[in-house]
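I opened this entry to record what I looked up in the model, starting with the fold and ending with the surface.

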Amino acid sequence: MKRKAQGAIEYLFMIAAALIIVAVVIRYLRSTGSAAGGQAEQTVSDIGSQISGAISSEIANATG
């Protein structure tokens with residue numbers, strides 16, 4: 001009986017270790033995704049500003 005209990009406890013520890021590893025990976029991916037999202041938002045904003053400036057410049061050249 002003692003061997004079965006020891007085997008069950010070892011099995012539970014392996015499950016706990018796997019869950020901890022999964023939690024760490026999920027946390028890492030969330031933080032990485034958040035940083036990437038912020039960078040993408042900044043890039044889109046910069047490109048929008050450049051396009052707006054180019055359009056304004058072309059309009060000024062066409063009317064002037």
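I take helices (H or I, at least four residues) and strands (E, at least two) as DSSP runs, numbered from the N terminus. The model is predicted, so I kept in mind that local features need pLDDT of at least 70 and side-chain atom pairs pLDDT 80 or more, while totals for chains, interfaces and linings use all residues. Residues are numbered from 1 along each chain as its sequence is written, and side-chain values use heavy atoms, with hydrogens and water left out.

Fold. I found 1 helix and 0 strands in the protein, and both Ser34 and Met14 lie in helix 1, which covers residues 2-63.

Dimensions. I noted that the C-alpha trace spans about 95 × 10 × 5 Å along its principal axes. The radius of gyration is 28 Å, whereas a compact globule of 64 residues would have one near 11 Å (taken over C-alpha atoms, with the globule rule being 2.2 Å times the number of residues to the power 0.38). As a local check, I looked up Ser34 and Ile51, 17 residues apart along the chain, and their C-alpha atoms are separated by 26 Å.

Exposure. I use buried for under 20% relative accessible area, exposed for over 50%, and partly exposed in between (1.4 Å probe, protein chains only). Of the 64 residues, 0% count as buried. Ser34 is exposed because its relative accessible area is 54%, and Met14 counts as exposed because its relative accessibility is 57%.
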